[in-house]
Amino acid sequence: MAWTAGTAVLVAVLPWAASGRLPARLAIHWRFEDGAPDGSMPLWAASVFPALIWLGLAAVALLTLRRGAGSSTESPSPAPGGGWVAVTLLSAGALLIGTQASVVRANLDRADWHDARQPTFWLVATLAATVAGGIAGWLVSSRRRRAAAPAAQERPRGPVLRIPEGQRVVWLSRTVNPWLRLLAAVTGLVAAAAVVALVSGIAEPAQFWALFVPFTFASLAVAGCASVQARVSERGLEVAFGPFGWPVRRWSVADIESARTEDRTPAQVGGWGYRLSGLGTTVMLRRGQCLVIRTRVKGAEFAVSVDDAECGAALLNALRTPRSHGE
């Protein structure tokens with residue numbers, strides 16, 4: 001929703017933000033042969049129409065996703081078609097934002113729309129951003145599908161104290177903090193707006209860097225702590241952060257001295273996200289039960305707030321016990 005609303009706002013506001021430096025009508029189309037403009041719109045139309053097109057496309061995509069989710073309510077896996085919806089929204093949003101920025105740049109400081117030259121370089125850059133957006137959407141949705149499939153097929157239903165010989169058991173749990181995710185989206189949109197302002201010629205490089213660097217850093221840092229996936233297998237414990245599952249922290253079974261569950265709150269560990277406190281390291285995305293491990297190195301503790309933490313702890317302890325493998 002933040003991407004949908006933010007894209008609509010960026011597309012609609014951009015021409016008005018530079019209205020004092022734009023002609024009454026904006027060139028919106030150019031001849032391929034000589035790059036001369038052959039189509040124009042009033043400033044208000046160039047602002048409103050792309051935003052309406054985007055909102056219509058986003059509405060269709062989100063309704064399609066909701067219908068798919070409704071038809072698979074009994075399945076824990078993501079809704080069918082969710083990957084294509086993510087690709088469509090990210091790539092189409094990048095295309096519209098880039099195109100709008102290119103149009104504004106081409107018309108900037110022109111007395112008449114006939115004087116605007118085709119912004120070839122920026123249109124090529126927009127196409128590259130469109131492809132990158134589509135790839136990012138596909139990677140995120142593919143990772144979620146891969147995470148959901150093993151969780152549905154192999155996740156144990158209760159504490160595991162003994163693993164039958166010859167069988168492998170995998171436990172998966174994923175937690176998302178919607179408020180941290182929203183904050184990451186908002187700060188990311190501010191950074192994207194700085195890029196759009198630079199591309200369109202509205203912002204100077206000094207203004208661009210003053211906004212882009214801190215908000216990009218904030219967005220990446222918050223996004224990395226907004227979601228987490230914990231996985232327990234014969235290799236030990238793996239905790240992956242962020243929408244792309246990176247960075248990743250890993251502990252082998254031999255590195256883990258013990259595993260347990262413990263109720264923790266943000267107040268106990270110093271807040272939300274990746275926290276260091278007297279309790280050790282805690283990934284706090286929601287208050288309540290956490291999977292806690294004690295490592296053999298200096299007895300350090302690491303905790304992550306995930307659902308069904310008791311099952312993950314039981315499996316880790318089972319993997320640490322030779323008899324659990326039928327030996």
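**A pocket and its neighbours**

Strand β5 supplies the largest share of the lining of the second largest pocket, three residues. Helices (H or I, at least four residues) and strands (E, at least two) are DSSP runs, numbered from the N terminus. This is a predicted model, in which local features need pLDDT of at least 70 and side-chain atom pairs count only at pLDDT 80 or more, while totals for chains, interfaces and linings use all residues. Residues are numbered from 1 along each chain as its sequence is written, and side-chain values use heavy atoms, with hydrogens and water left out.

The second largest pocket holds about 220 Å³ of space. A pocket here is an open set of points on a 1 Å grid over the protein atoms alone, where a 1.4 Å probe fits, with protein on both sides within 12 Å along at least five of seven lines; lining residues have an atom within 4 Å of a point. The volume is the space filled by probe spheres set on the points.

Lining this pocket are Arg168, Arg231, Ser233, Glu234, Arg235, Gly236, Leu237, Glu238, Arg250, Trp251 and Ser252. Two or more of the lining residues come from each of β4 (227-233), β5 (236-241) and β6 (248-251). By class, the lining has two nonpolar, three polar and six charged residues. Ala, Val, Leu, Ile, Met, Phe, Trp, Tyr, Cys and Pro count as nonpolar, Asp, Glu, Lys and Arg as charged, and the others, Gly among them, as polar.

Next, the helices. The axes of α5 (residues 178-200) and α6 (residues 205-226) are 8 Å apart, at an angle of about 155°. Axes are lines fitted to C-alpha atoms, for helices over the stretch in contact, and angles run from 0 to 180 degrees between N-to-C directions. The pair is therefore roughly antiparallel, a term for angles over 145 degrees. Contact means heavy atoms within 4.5 Å. Residues making the contact include Leu180, Leu183 and Val190 of α5, and Phe208, Leu211 and Phe215 of α6. That contact has 18 nonpolar, four polar and one charged residues.

What does α5 meet in α1? The α1 residues Ala2, Trp3, Gly6, Leu10 and Leu14 meet Leu182, Ala185, Leu189, Ala193, Val196 and Ser200 in α5. This contact has nine nonpolar, two polar and no charged residues. The axes of α1 (residues 2-17) and α5 come within 10 Å and cross at roughly 25°. That makes the two helices roughly parallel, the term for angles under 35 degrees.

Last, the backbone. Trp246 and Pro247 are joined by a cis peptide bond, with omega about 5°. Pro247 sits in the loop between β5 and β6. Asp109 is not a glycine, yet has a positive phi of about 60°. Asp109 is in the loop between α3 (82-107) and α4 (120-154).

Key:
Angles under 35 degrees count as roughly parallel, over 145 as roughly antiparallel, 65 to 115 as roughly perpendicular and the rest as oblique.
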